[in-house]
Amino acid sequence: MNNTDPVYIRPTGSGDTLFDFVRCLLVGIFSLALATLIFLIFRSKLNYRKLVYIGGQYVRYYLIFVLLTYGIIKIFKLQFGEPYLIRLVTPLGEMSPMGLAWNYMGFSKTYTVFAGWSETIAAILLMFKRTRTLGAVVGFGVMLNVFMMNISYDIPVKLFSLHLCVFSAFLILIDGRRMLNVFVLNRDVSKYKFVSPFSKKWKNYTLQIVKFLVLILIVYLNLINAMRSQYLYGDLGPKHKLYGIYELNEFALNHTKRPALLNDSVRFRRLIFDSPNRVYIQKMNNEGIYYQTETDTIAQKIYLKEQDSTKVGFLHYKNEAESDADVFEFEGIFKNDSVYFKTERKGREDFLLNNRGFHWISEYPFNR
């Protein structure tokens with residue numbers, strides 16, 4: 001960070017703003033001071049076993065909620081969707097570290113779903129007191145990997161993922177002595193006596209039933225939301241009617257052909273139709289901008305607007321399917337100029353990254 005960077009105290013999509021770090025530091029100092037004060041005043045009356053139980057319960061259910069939420073959205077590929085078409089034509093060196101990581105995860109459904117199930121299984125194990133420690137161990141391993149990914153690829157959720165690692169470690173330490181005896185010291189371990197919050201059995205049973213119903217409700221709501229969302233903005237969501245990357249072979253501005261020069265900031269290089277109502281127009285110098293679109297497939301006409309709904313123009317398109325189904329011609333008005341261009345459509349399947357596929361047997365490494 002340099003001296004010219006602004007300080008934000010409003011939501012920015014980042015969890016690692018200067019405000020977040022300062023707040024975390026102040027909360028930590030205040031909590032330590034308050035805990036010290038309470039200890040000094042009430043140290044003879046405190047039931048430490050019960051305090052650890054209460055703290056452990058809070059941390060455990062918080063982890064369950066977070067791991068379930070992130071696990072389910074990964075299983076349904078909502079956190080990391082397949083790379084946008086524009087990413088397929090973006091040079092690797094032009095991606096940010098976070099963009100590289102996001103597309104790395106989104107490319108592989110197998111790995112993303114595996115990561116999601118890892119978080120979900122950790123959450124399920126944490127739900128039951130007999131498997132709480134095992135769930136904490138699994139959760140710590142999963143979140144440590146997430147934290148290292150955030151550190152390595154400059155993903156601004158470093159503080160949050162570190163907190164989840166610490167919370168998981170806290171639950172492990174509750175049972176730390178017994179684990180040390182089993183895995184390191186090779187000593188006998190006695191049966192663990194679980195703490196009951198109430199002295200009367202019916203209250204404890206009632207609490208267990210309520211907790212079980214709440215957990216079922218959380219799982220149900222997460223699943224319903226994920227299944228709906230994958231058809232709204234996930235990989236199964238709607239695509240543009242002309243979905244694809246349209247590479248220009250010819251371009252004419254005001255009835256004058258314009259050669260393909262890499263420093264040209266006027267001539268189109270490609271049109272990318274991805275999301276339902278937008279198009280990305282990229283110029284020869286690689287500068288580009290998104291425009292809103294309204295597409296009339298019957299009249300084969302596209303209306304273009306700026307993001308603030310200012311009209312930009314329109315394009316007629318046609319495809320001579322008899323000769324080549326992927327060759328399209330566009331003609332119309334763009335910012336008060338007449339334009340004509342001929343394109344060749346490329347789909348996601350036309351890129352090696354997507355058409356290479358998986359091979360159990362590989363006689364030679366295919367590393368390109």
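Counting as a salt bridge any side-chain nitrogen of Lys or Arg within 4 Å of a carboxyl oxygen of Asp or Glu, the structure holds 12 salt bridges. The structure is a predicted model, in which local features need pLDDT of at least 70 and side-chain atom pairs count only at pLDDT 80 or more, while totals for chains, interfaces and linings use all residues. Residues are numbered from 1 along each chain as its sequence is written, and side-chain values use heavy atoms, with hydrogens and water left out. Helices (H or I, at least four residues) and strands (E, at least two) are DSSP runs numbered from the N terminus. For single residues, buried means under 20% relative accessible area, exposed means over 50%, and partly exposed lies in between, with a 1.4 Å probe and protein chains only.

**Salt bridges**

- The side chains of Arg-348 and Glu-82 meet in a salt bridge with an N to O distance of 3.7 Å. This pair links distant parts of the chain, since Arg-348 lies in the loop between E9 and H10 and Glu-82 in the loop between H2 and helix H3 (85-88), 266 residues apart.
- Within that pair, Arg-348 counts as buried because its relative accessibility is 12%, whereas Glu-82, at 27%, counts as partly exposed.
- Arg-178 forms a salt bridge with Asp-175, and their closest N and O atoms are 3.0 Å apart. Here Arg-178 is partly exposed at 28% relative accessibility, while Asp-175 is buried at 9%.
- Arg-258 is joined by a salt bridge to Asp-264, with the closest N and O atoms 2.7 Å apart. Arg-258 is partly exposed, with a relative accessible area of 31%, and Asp-264 counts as buried at 9% relative accessibility.

**Residues with positive phi**

- Asp-154 is found in the loop between H6 and H7, and it counts as exposed because its relative accessible area is 51%.
- Asn-254 is a residue other than glycine whose phi is positive, near 55 degrees. Asn-254 has its place in the loop between strand E1 (244-253) and strand E2 (256-257), where it counts as partly exposed at 37% relative accessibility.

**Nonpolar core**

- A nonpolar core is a set of buried Ala, Val, Leu, Ile, Met, Phe, Trp, Tyr and Cys residues joined through side-chain atoms within 4.5 Å. The largest such core has 24 residues, of which Leu-63, Leu-67 and Leu-126 touch the most other members.
- Helix H2 (48-75), helix H5 (109-126), helix H6 (132-152), helix H7 (158-174) and helix H9 (201-229) each supply at least two residues of this core. The largest share, eight residues, comes from H2.

**Surface patches**

- Patches are made of residues with over 30% relative accessible area and no salt bridge, with like charges joined within 9 Å and nonpolar side chains (Val, Leu, Ile, Met, Phe, Trp, Tyr) within 5 Å. Accessible areas come from the Shrake-Rupley method with a 1.4 Å probe, and for residues only the protein chains shown count as cover.
- A nonpolar patch on the surface, whose members include Phe-30, Leu-37, Phe-42, Tyr-48 and Leu-51, has about 970 Å² of accessible area together. Helix H1 (18-42) and H2 each supply at least two of the patch residues, and the largest share, eight residues, comes from H1.
- Leu-37 is found in helix H1, and this residue is partly exposed, with a relative accessible area of 48%.
- Asp-324, Glu-344, Glu-349 and Asp-350 gather in a patch of negative charge on the surface. In charge counting, Lys and Arg are positive and Asp and Glu negative, while His and the chain ends are not counted; the place of a charge is taken as NZ of Lys, CZ of Arg, CG of Asp or CD of Glu.
- Glu-349 is found in the loop between strand E9 (337-346) and helix H10 (352-355), and it is partly exposed, with a relative accessible area of 47%.

**A separated pair**

- Ile-151 has its place in helix H6 and counts as partly exposed at 44% relative accessibility. Ile-151 and Arg-269 are 118 residues apart in sequence and 36 Å apart in space, C-alpha to C-alpha.
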